[in-house]
Amino acid sequence: MPTFRAHTIVTMTGPPIDNGAVAIEGDRIAAVGPFQEIKASGGELQDLGEVVLLPGLINAHCHLDFTSLCGMIAPQRSFADWIRQINHLRRQLSDDDYLRSIATGFAESRRWGTTTIANIESLPHLLERMPRPLLRTWWFAELIDVQPRGAIDKMIDDALAVFRGKENWPGGFGLSPHAPYTASSRLLRAATRIARRRNLPLTIHLGESREEMEMFRHGSGSLFDLLRSLGRPLDDCSKRKTPLGIMLDMNILDERWIVVHSNELTEEDFDRLETGPRFHVAHCPRSGRYFNHSPFPLRRLRELDFNIALGTDSLASNSSLSLFAEMQTVRNTHPWLTPKQILEMATINGARALGQERSLGKIAPGLQADLIALPIANQSGDLFEKIIAWDQAVPSMMAAGCLATTTN
């Protein structure tokens, strides 16, 4: 049972432990505490030096498929124009291109100390050609039915079929009806029913852009025009309903859902959320800035006790997969949050969003041994502020008890 000593251990369960140690058994944490106490239990000792040891970061929303599109789409005049651009680029990519993109995304995530990813997979069949990933990944099969078609249950079953035989992969699987404007009510209800039956998490893009709000409330705007040109039925538009209101009316949102973005929420939405269901929210600060979306209502959602985790979104709307950069953006935008609260958004809140609060996001006995080490122990200042200010590659990490450098 190897034991790792560090200058400071940030457990996320209590005060940081100076001169601490973590004992690992297999892929789990066996013990954590003061070095002298943990050393007494025996085991092979490895001194990590003057580093701060903390839980691996959790990316609550990402599209690894699009890593290769980094820097290829300049900010557009409208969200609909960006959709046109990414769809044009996607049509030029082969399955091999997508596989390389995913592999590059994994390497980029490791570089920045991410050990768990909630990934939206637009081409689930790619998993049949992939090796078992090192990083803990929840693969959310993306579901879209812009043009009406039958056999929705079969569409979902076919997407889930590629997950069979991969139960030993680190992480899990889920469903991602893309958004209310690309997933019909039939698809949303079917995905919810199947996810509940199979105990799967769900995620959806919701309330992301002003154009989405304009489409549903007023039956107008560039997104409305784009979807009309694609043959989407538009009988759910022009009814003065918000995107969130449509989902709430369906009575399908609950703690199983990770709702991504939620920039566009009205006073009516907040009134309904006062007594409405509690779901999780994935906030993607830099992607929202790229699109110039409305400010994310973080304070109001926190006051309503919503669990808010951090995501990077894809590199088609971001410059890196660094959750440290996301935390720095949150700090600059919401200075009333403490650095510790911001770090929670990239650790324990992400674990909770995935239903893994008893396995991930903290350093505690019985939890997964997913750890990262930062050489910042001898710097002055607030420890949590130093952590979120990190802006270089993370030198070393541990995933499922396996220690590795991030440059391999």
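Colleague: Which polar atom pair involves the side chain of Arg-217 and the backbone oxygen of Arg-240?

Modeller: A polar contact is a pair of N or O atoms within 3.5 Å; within protein, one must be able to donate a hydrogen and the other to accept it, and residues adjacent in sequence count only if both atoms are side-chain atoms. Here a polar atom of the Arg-217 side chain lies 3.0 Å from the backbone oxygen of Arg-240. The Arg-217 side chain also makes a polar contact with the side chain of Glu-268, at 3.4 Å. Please note that this is a predicted model, in which local features need pLDDT of at least 70 and side-chain atom pairs count only at pLDDT 80 or more, while totals for chains, interfaces and linings use all residues. Residues are numbered from 1 along each chain as its sequence is written, and side-chain values use heavy atoms, with hydrogens and water left out.

Colleague: Is Arg-217 buried or exposed?

Modeller: Buried means under 20% relative accessible area, exposed over 50%, and partly exposed in between (1.4 Å probe, protein chains only). Arg-217 has a relative accessible area of 18%, so Arg-217 is buried.

Colleague: In which helix is Arg-217 found?

Modeller: Helices (H or I, at least four residues) and strands (E, at least two) are DSSP runs, numbered from the N terminus. Arg-217 belongs to helix α6.

Colleague: Which residues of helix α7 are buried?

Modeller: In α7, residues 222–229, the buried residues are Leu-223, Phe-224, Leu-226 and Leu-227. These four lie on the same side of α7 because they cover an arc of only 165° around the axis, taken from the directions from the helix axis to the C-beta atoms. Arg-228 and Ser-229, on the other side of α7, are exposed.

Colleague: How is a pair of aromatic rings described?

Modeller: One gives the distance of the centres and the angle of the planes. Rings of Phe, Tyr and Trp (its six-membered ring) pair if their centres lie within 6.5 Å; planes under 30 degrees apart count as stacked, over 60 as edge-to-face and the rest as tilted. This structure holds 8 aromatic pairs. In one of them, the rings of Trp-139 and Trp-169 have centres 6.2 Å apart and planes at 55°, so the pair is tilted. Trp-139 lies in strand β8 and Trp-169 in the loop between α4 and β9, so the pair ties together parts that are 30 residues apart in sequence. Both Trp-139 and Trp-169 are buried.
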